[in-house]
Amino acid sequence: MAFVFLVSGGVVFLLLTIAALISNREGEPAAQQRFLPMAVLLSAPYFLIGWLFEIPPQILFGLFIILPLIFFLYLILPIDPAAKKIEVSPPPNYCHDERDIMFSRQRLQPGTNRFDEYYQTHPEKKALDDAWRAKPGLLNPKAQFYHPLYFNASDASFDTVAFFHPHVQPQTASEKQEVQAEQVSRFIKDWLLRSGAHSVGITRLQDYHLYSHRGRQEPYGAEIQKEHEFAIAFTVEMNKEMVDSAPLAPTVLESADQYLRAGMLAVKLSTFISKLGYEARAHIDGNYQVICPLVARDAGLGELGRMGLLMTPALGPRVRIGVVTTNLPLQTDDYQPDNSVIDFCNKCKKCAYNCPSKAISFEDRQWEHGVLRWKIDPEACFGYWCAVGTDCARCMKVCPYSHPDNLMHRLVRKTIRKNSMARWLAIKMDDVIYGKHPPAKRDLL
Ligand code: SF4
Ligand code: SF4
């Protein structure tokens, strides 16, 4: 019997020491420093009992062996009453107008007809927009987190994405190649994954995926028509180390670099499809006609979380999205609502607690235009960006789903998908191990 305690103590010590080593490799010294004492403290009672008693009392066996074993088995079983109670939102019954998003409003120049007309029809937005216009602005040298290298490098990457804008909708070849939907879909997915995408999915293009009117491209205000039948969505990974510096300067460089990578892949794909003789359009930074997170969700790449971003199964929100719409016949992927993410976000709220502008809601999802969703305050978020000069991403950095896609976090992700109690425990442990308010990493600067 003493042997069982000694082995159990060894297993507890070994697992927590491995967790400490993984944390060290992840560049999480605080987590490493918490795992190591836990390894000693949690394994010590087992070693002590095994050393003191040749045959330990039954009460100790029940408390230290049977109970933890039952708890562990409970956590890995699919017992999920919380997720079952969650209401699945219907798809939106309206289209967003791109002229209303912050990046379009940012382009309005005071003193122009376009500026005056916009605020005549949206007077409620004038004071809110004047507040962030009074701040230095994104990538501005006067902004709080200005860094000459990171800011100029980010500018260079954003400028390079803009070089792709004239090529988003390549000329379609006059001769149409015969393709099989299943084969070409598989080819596109394999090709994108080999080219650096992290995940790829295909969906039927819906009206609500599209903006109603143009806001960033000319002709400004033109109605956007649904011209394609399918949409291919893919994600690219944001580097964890760079995101960990959020909201400091490296994070905006990582955003710019991944917008560039997504843009390059999307233009490459739309060019390939047009060579096959089918219409295609890449949707890339500064030149979208679709709302990427909605398309990506319907293509089966994840669920929409509290911060309004796509929460992917392997990297959480730590991705950027690229989309290509097309008439190429494709095989679509099914969207399966993932209530475990909604339940996690209902309980977690870590992004809301850590958002420096208080733009993320602490409330449950609300009905708006026939959709159940979390609403964020875009003016507050953008106002913070304009003050600090970066695109912040503090919410992305602190999200428990953003941890690296390695064995330790994969095991956690697998259990929280199917078990309400595991989700509750993961939220608590994330605060204990990584901190309720994890600081920005500064060593890149
Ligand atoms: S930090 Fe928590 S609440 Fe926010 S998106 Fe991530 S899991 Fe959801
Ligand atoms: S990017 Fe920053 S300011 Fe905006 S919602 Fe996320 S944490 Fe808040």
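**Figure 1. The cavity of the predicted model.** The structure contains one cavity of 30 Å³ or more, a cavity being a set of points, on a 1 Å grid over the protein atoms alone, where a 1.4 Å probe fits but cannot get out. The volume of the largest cavity is about 80 Å³, taken as the space filled by probe spheres set on the grid points, which are joined across faces, edges and corners. This is a predicted model, in which local features need pLDDT of at least 70 and side-chain atom pairs count only at pLDDT 80 or more, while totals for chains, interfaces and linings use all residues. Residues are numbered from 1 along each chain as its sequence is written, and ligands are numbered from 1 in the order in which they are written.

**Figure 2. Lining of the largest cavity.** M307, C345, C348, C351 and C399 are the closest to the cavity centre among its 13 lining residues, that is, residues with an atom within 4 Å of a point. Two or more lining residues come from each of α13 (339-348) and α14 (350-354); helices are DSSP runs (H or I, at least four residues) numbered from the N terminus. With three residues, α13 gives the most.

Figure 3. Ligand 1 takes up the space of the largest cavity; a molecule sits in a cavity if more than half of its atoms lie within 2 Å of the grid points. Around ligand 1 are R306, M307, M311, F344, C345, C348, K349, K350, C351, C399, P400 and Y401, each with a heavy atom within 4 Å of the ligand. The largest share of this shell, three residues, is from α13.

Methods. Heavy atoms only, no water. 1 Å grid on protein atoms, 1.4 Å probe; cavity = no way out; pocket = protein on both sides within 12 Å on 5 of 7 lines; lining within 4 Å.
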